[in-house]
Amino acid sequence: MLAASEHWTYEHFLDQVLSDQEQQADERSREALLRFASFPYKKTIQDFDFAFQNSISPQVIAELAECAFIRQHQNIVFLGPPGTGKTHLAIALGIEATKRRLKVRFTTCTDLITRLKEAKERNTYQRRLAAYTGPSLLIIDEVGFNPLKSDETVLLFDVICKRYERGSVILTANKSYTDWAEIFSGDAVIATALLDRLLHHSQSFVLKGESYRMKEFMENKI
Ligand code: ADP
Ligand code: MG
């Protein structure tokens, strides 16, 4: 045993055991935060190729990774065509937040709406809503893949409204703002109120270029 061979004092031994335990508890709480976040895959900032995706600078992402935007209850919006790294960057920032002990939750927009609808039917709406409003950072991925009906826009509005100035949202969408009317064609009034709150304290990034998925696909073919 290390303690015996190194002639540790009892105090030193106790110190070491306690700090090992703290480290393990720390590790466990980080794992719990990662599980709770429900990321669809785990990709980090280090995994991101900024040479391929040059519409966003590594410095900007490094600064966001400090998570000040979460403490200041600001939102981030990643816009761009499929495969340009929107979900990757959202997850990478989410992972950085869990490292800083912040509670994160990842969901697709479709899943959020489906679950809130189900919860309404089961009379568990408030509890389900709290699952989306409680975490310090909520990532809503793939907004606008399917246009939202009026009742669906109201559900998303409820989440954004409850988080407004109380928590952060990272949202990804493959439509530019000029095309957002299509996403919320169901209810222009609610849509305007939603965007008003979402964009009030926010930073938007438009990712351009080719799909990374397609690049990998083509490379494998050659
Ligand atoms: P989308 O913009 O459609 O959300 P994703 O972020 O899911 O795209 O990216 C699709 C796949 O390509 C993922 O596996 C992601 O990790 C990878 N990827 C995308 N952009 C980059 C990049 N610049 N560097 C490294 N991997 C990338
Ligand atoms: Mg995506």
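Predicted model: local features only at pLDDT ≥ 70, side-chain atom pairs only at ≥ 80, totals over all residues.
Reader: Ok. What's the secondary structure like?
Author: There are eleven helices and five strands. The C-alpha trace spans about 75 × 55 × 30 Å along its principal axes.

Reader: And what share of the residues is buried?
Author: Of the 222 residues in the protein, 40% are buried. As for contacts with a separation of 6 or more, 83% are between residues 24 or more positions apart.

Reader: Which of its residues are buried?
Author: In helix 6, the buried ones are Cys109, Leu112, Ile113, Leu116 and Ala119.

Reader: Why do those line one face of the helix?
Author: Looking down the axis of helix 6, the buried residues fall within an arc of 125°, so they line one face. In general, an α-helix has 3.6 residues a turn, so residues three or four places apart point the same way.

Reader: Nice. What covers them?
Author: The cover for the buried residues of helix 6 includes strand 2 (104-108), helix 7 (125-133), strand 3 (137-143) and helix 8 (150-163).

Reader: And what comes just after helix 6?
Author: Asn123 does, with a positive phi of about 60°.

Reader: Switching to ligand 1. Which residues come nearest?
Author: There are 16 residues around ligand 1, and Lys43, Asp49, Gly83, Thr87 and His88 come nearest.

Reader: Where are the oxygen atoms of ligand 1 relative to Thr87, Lys86 and Thr84?
Author: One lies 2.7 Å from an N or O atom in the side chain of Thr87. For Lys86, a polar side-chain atom lies 2.8 Å from an oxygen atom of ligand 1. With Thr84 it's a backbone N or O atom, 3.1 Å from an oxygen atom of the ligand.

Reader: How much of ligand 1 does the protein bury?
Author: The protein buries 90% of the 550 Å² that ligand 1 exposes when taken alone.

Reader: Last one: is Ser168 buried or exposed?
Author: Ser168 lies in strand 4 (residues 168-173), and it counts as buried because its relative accessibility is 0%.

Reader: What does its side chain reach?
Author: The side chain of Ser168 reaches the backbone oxygen of Gln74 at 2.7 Å. Leaving aside residues up to four places away in sequence, Ser168 touches several others, including Phe69, His73, Leu137 and Arg163.

Key:
Residues numbered from 1 in each chain as written. Chains lettered and ligands numbered in written order. Heavy atoms only, no water. Buried < 20%, exposed > 50% of the residue type's maximum accessible area, 1.4 Å probe, protein only. Helix = DSSP H or I, 4+ residues; strand = E, 2+ residues; numbered from the N terminus. Arc of directions from axis to C-beta. Contact = heavy atoms within 4.5 Å. Near = heavy atom within 4 Å. Polar contact = N/O pair within 3.5 Å; in protein donor to acceptor, adjacent residues only side chain to side chain. Areas by Shrake-Rupley, 256 points an atom, 1.4 Å probe, with all protein chains shown as cover.
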